[in-house]
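This report covers the ligand site, the pocket and the backbone of one model. The structure is shown first.

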Amino acid sequence: MNTYKITLLRGDGIGPEIVAEAIKVLDKTGERFGFALEYTEALMGGCAIDATGVPLPQETIDKCLASDAVLLGAVGGWKWDNLPGNRRPEAGLLGIRGALELYANLRPAKIYGPLKGACPLRPDIIGDSMDIMVVRELTGGIYFGKRGRETVDGVEAAYDTEYYTTTEVERIARVAFESARKRGGKLCNVDKANVLESSRLWRETVLRVATEYPDVQLSHLYIDNAAMQLVRNPKQFDVILASNIFGDILSDEASQVAGSIGMLASASLGNGTRGLYEPIHGSAPDIAGKGIANPLATILSISMMLRYSFDEFAAADAIEAAVEKVLEDGLRTPDIYTQGGKKVGTVEMGDAVVAAL
Ligand code: NAD
């Protein structure tokens with residue numbers, strides 16, 4: 001029997017509440033599909049600041065490096081909002097991505113049939129479904145490039161640099177092509193190659209990698225057009241590939257198109273099979289401790305973990321089917337509630353997914 005070692009970063013706010021439900025689902029899946037799970041607890045975010053003075057203690061990095069996958073709830077909260085940037089809970093997020101060399105961020109934006117009403121676009125634009133995977137480069141580009149401030153002729157100025165190497169583009173392009181191959185076979189590369197030199201290198205490199213994937217249908221859009229197409233005709237997309245900054249913006253836009261923030265999962269991957277899995281939402285301090293947070297994004301992150309880190313495809317499919325089932329049965333946490341639904345809390349929703357499994 002395979003045993004998977006998972007480090008749990010429950011984090012702050014609703015983090016501990018939603019991670020508890022995801023663990024119930026994971027344990028049930030292991031029981032049903034014949035694998036064992038070993039959990040290690042570690043601190044990151046505000047809870048780590050309170051206990052150790054820093055958002056990402058070395059002990060947490062060591063535990064994550066020694067595990068097969070990491071499950072993160074969310075970090076942050078009002079209590080720590082006035083700390084300087086590098087000592088805030090969110091600094092732990094950048095730190096752990098860097099320490100685990102997680103350069104690829106995968107964010108599915110899917111509309112579940114029973115939740116179509118949550119989509120802000122007209123029904124004729126959405127059609128039967130929408131299912132997009134945004135693949136975002138996570139450790140390069142303008143967020144990590146040379147930056148600074150200077151005074152030129154008495155006028156203050158600041159700059160950030162978009163900088164990519166072909167190695168960085170090749171590895172993220174491969175993740176996107178592989179993802180397209182496992183899904184609908186279509187990849188849309190997003191850049192700004194009509195203006196930016198870094199985008200021209202990005203596009204040349206994507207075209208070179210494309211020769212290894214003749215079975216994937218590749219297209220290109222400039223970022224401004226891609227942002228427009230995502231709300232004009234989202235059904236045209238299967239997998240979208242983008243740099244760190246363009247992917248940041250597009251994945252948030254795609255998540256809004258998909259409806260509720262409480263439903264969307266994500267995976268951050270590097271070269272090996274170890275990944276970090278988390279819901280895309282934050283720690284929701286406004287509803288923390290009330291027992292009403294939607295645990296489905298975290299439960300769907302578990303499904304991504306099983307698919308991308310452990311190759312447990314049947315188990316991953318079963319979780320997604322169980323989530324569909326509870327939605328079809330009308331169960332709704334307040335964030336996705338519409339009239340006629342059955343309003344439930346965090347624990348009831350988790351229990352229902354376990355029962356559906
Ligand atoms: P948020 O995502 O925490 O909350 C935005 C809104 O969505 C709130 O009204 C919240 O109640 C609601 N919401 C979020 N998740 C929900 C869920 N599972 N079920 C029901 N409702 C949900 O964003 P924010 O308010 O901008 O940020 C709060 C804190 O989280 C901040 O400290 C921020 O820095 C941090 N944050 C952390 C992460 C992360 O850990 N990866 C990501 C984003 C924000």
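## Ligand contacts

An oxygen atom of the ligand lies 2.9 Å from an N or O atom in the side chain of Asp 286. A nitrogen atom of the ligand is 2.9 Å from a backbone N or O atom of Asn 294. Taken alone, the ligand exposes 810 Å², and the protein buries 69% of that; accessible areas come from the Shrake-Rupley method with a 1.4 Å probe, and for residues only the protein chains shown count as cover.

The ligand is surrounded by 19 residues, the closest being Glu 90, Gly 282, Ala 284, Asp 286 and Asn 294 (a residue is near a molecule if one of its heavy atoms lies within 4 Å of it). This shell has nine nonpolar, six polar and four charged residues. Here Ala, Val, Leu, Ile, Met, Phe, Trp, Tyr, Cys and Pro count as nonpolar, Asp, Glu, Lys and Arg as charged, and the others, Gly among them, as polar.

## Basis of the values

The model is predicted: local features need pLDDT of at least 70, side-chain atom pairs count only at pLDDT 80 or more, and totals for chains, interfaces and linings use all residues. Residues are numbered from 1 along each chain as its sequence is written, and side-chain values use heavy atoms, with hydrogens and water left out.

## Largest pocket

The largest pocket has a volume of about 490 Å³. A pocket is an open set of points on a 1 Å grid over the protein atoms alone, with protein on both sides within 12 Å along at least five of seven lines; lining residues have an atom within 4 Å of a point. The volume is the space filled by probe spheres set on the points, which are joined across faces, edges and corners.

Its lining has 27 residues, and Leu 93, Arg 97, Arg 107, Glu 278 and Ile 280 lie nearest the centre. Two or more lining residues come from each of β3 (69-74), α4, β4, α9 (244-257) and β12 (275-279). The largest share, three residues, comes from α4. By class, the lining has ten nonpolar, nine polar and eight charged residues.

## Positive phi

Most residues other than glycine have a negative phi. Glu 101, not a glycine, has a positive phi of about 50°. Glu 101 sits in the loop between α4 (91-99) and β4 (104-110) (helices, H or I, of at least four residues and strands, E, of at least two are DSSP runs, numbered from the N terminus).

Asp 311, in the loop between α10 (296-308) and α11 (313-328), has a positive phi of about 55°.

Note on methods
A polar contact is a pair of N or O atoms within 3.5 Å; within protein, one must be able to donate a hydrogen and the other to accept it, and residues adjacent in sequence count only if both atoms are side-chain atoms. On a 1 Å grid over the protein atoms alone, a cavity is a set of points where a 1.4 Å probe fits but cannot get out, and a pocket is an open set with protein on both sides within 12 Å along at least five of seven lines; lining residues have an atom within 4 Å of a point.
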